[in-house]
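Here's a quick walk through one protein model, going from a single side chain out to the whole chain. Have the viewer open as you read.

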Amino acid sequence: MILFRIVSLFILLFTIPLEASSLLEDYWESIQKTKEKFELDDFSPKRFQFGFSNNAPTVIHKEALNHEVFWFCQNYIQKYHTNFPYPRLKEDIRSHLTDLYGDVSQNFLSGKTSFTCFTGWKNGSSLLKIHFFLNEDEFFPFRYDHYNQNGQLYLTEEDETKNGKKDSFTYYSSSGCPKEITKDKNDFGDIDEWWYFQNCKLIRIEYDSNENGFKERICYYENNKESYCEGVGEKEEREAILFESQEKWKEALKSYRKSLVEYKKEVPNGTLRTCSLLKKIANIEYNEKEFTSFTKTLDEFFSYRVCESESLDVLLYKSYYYLYVLNDYQSAKESYKKTAEIYRKVNGEISPEISLNLAYAYLMAKEPKSCLASMEKLNYRRLMPYPRFFLFYYRGSCEMSLGLFEDAYVNLKRAQILGGEKVFLPIVYYKLARVSFATKRDSEGKLWTEQALYLDLDLFQKMETDPIFANFLDSPSGKSYKRKYYLNKVQKQ
């Protein structure tokens, strides 16, 4: 009897899957791949796999991932920044974990995709902070903050384009304010922008975008806001801005195009100014519904590699255009995927708005698995009610497409409770009716069906061709709505 209980317990332990956080699992794997990339010794404890199948999940606790990030930082600093100390004593390690690193896992779960490594913090020693971001499935360093022995920040080196090269260098005064920034914005290898500060405020930016020794543009600032610029194409752009203020969109568009032509004569290679002018042109073309010109402007914009760092607004225009104007769901999903990638690179976190639009594109393209995957990293507790409605609605809709009716019922019910806009309620009721009938909740299904038809009688046409509504359609209520629908249809004609 005792032997039987032991065997039963053994089978129970090794066959029941343990709940695991897929998000923490993903970040753990990204850390492991990053170790391999930088050829760091992996001293992490090996994780046990429970069950008789390799598909059984594994538990990763937040504390384990926090320590994994910390030890990655230790090894990275030890190998690549040997001139800096790193904490070795137990007391130093504890203070680093609590005071500097904090709860890295919670940041990951909140949508942030970056973390910071710290060298040893000791009196009389300099300090280096190295910031990492998640690119695809590996972490990469993109910013280095240098502090002197007194704990003052004196230099920041940054890879703004996140292409593996440092292209921005910020020098600080003793007060901690930036005094000068130099940048290589066109990625040619030499400095082409100079930012000057006075009393912590930006006063001037000088540009030599074609690196010919002639600064073709100088912009002056007051209270950190651009006051005016001098240089090639500036006169035409000022005219365009004036026309915009007067809502003379055709004239503004003409002046912006002329400004771009003049600028490209001096600087034929794409620069951030080229991108800026193209963005302004695209904005007016989109709002004025000149979509043929709009698509050509977008093509030119994306032909310049340098425009990627400035592409978020344009990508949002482009994605929205595909999704809601053209109803081109295949192009929309590719555009939103690119938009999500750029947003994560630039901001170090996930955009709920972009993720939800991507989910809708997948839903309409009939790719429900990808739809669910696009929302996987969104934490609904951190969303406002309006985007939370769409999160639950899209989840439920995609689960319904996959035949996961119980899960779909839970999420669609959450969406119905949140409400959303009135225009969406009939379709929510309709889908709740479908999953209710599919899960044998017939009385609820009848209730949801009647509410859907009360708000939008045209939904009857969808129900009439759907076998899942067969019993309702044969009921007295169904026959009554059928008469109303066809009578209403005749009256409309």
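## Starting at a salt bridge

At 32% relative accessibility, lysine 215 counts as partly exposed (buried is under 20% relative accessible area, exposed is over 50%, partly exposed is in between, with a 1.4 Å probe and protein chains only). Its side chain meets glutamate 206 in a salt bridge, 2.5 Å from N to O; the criterion is a side-chain nitrogen of Lys or Arg within 4 Å of a carboxyl oxygen of Asp or Glu. Glutamate 206 is buried, at a relative accessible area of 10%.

Before going on, some ground rules. This is a predicted model, where local features need pLDDT of at least 70 and side-chain atom pairs count only at pLDDT 80 or more, while totals for chains, interfaces and linings use all residues. Residues are numbered from 1 along each chain as its sequence is written, and side-chain values use heavy atoms, with hydrogens and water left out.

## Other charged pairs

How many salt bridges does a search of the whole structure find? The count is 27. One of them pairs lysine 250 with glutamate 290, with the closest N and O atoms 2.7 Å apart. That pair links distant parts of the chain, 40 residues apart: lysine 250 is in helix α7 (residues 249-266), and glutamate 290 is in the loop between α8 and α9 (291-303). Helices here are DSSP runs of H or I with at least four residues, strands are runs of E with at least two, and both are numbered from the N terminus. There's also a network, in which salt bridges with shared partners join Arg217, Glu234, Glu237, Arg273 and Lys280.

Glutamate 39 and lysine 79 form a salt bridge too, and their closest N and O atoms are 4.0 Å apart. Again the partners sit 40 residues apart, with glutamate 39 in the loop between α2 (22-37) and α3 (62-80) and lysine 79 in helix α3. Glutamate 39 counts as exposed at 60% relative accessibility, whereas lysine 79 is partly exposed at 38%.

## The largest pocket

The largest pocket has a volume of about 790 Å³. Of its 34 lining residues, Glu193, Tyr207, Leu272, Ser276 and Glu310 are the closest to the centre. For the method, a pocket is an open set of points on a 1 Å grid over the protein atoms alone, where a 1.4 Å probe fits and there is protein on both sides within 12 Å along at least five of seven lines; lining residues have an atom within 4 Å of a point.

Several elements each supply at least two lining residues: β7 (193-198), β8 (201-207), β9 (217-222), β10 (225-231), α6 (234-245) and α8 (272-287). α8 gives the largest share, 5 residues.

## Around glutamate 444

Glutamate 444 is found in helix α17 (residues 442-455) and is partly exposed, with a relative accessible area of 27%. Leaving aside neighbours within four places in sequence, glutamate 444 is in contact (heavy atoms within 4.5 Å) with Tyr409 and Ser436.

## The whole protein

Zooming out, the protein has 20 helices and 10 strands, and its C-alpha trace spans about 85 × 80 × 30 Å along the principal axes. Of the 493 residues, 45% count as buried. Among contacts between residues at least 6 apart in sequence, 45% join residues at least 24 apart.

Key
Grid points are joined across faces, edges and corners, and a volume is the space filled by probe spheres set on the points.
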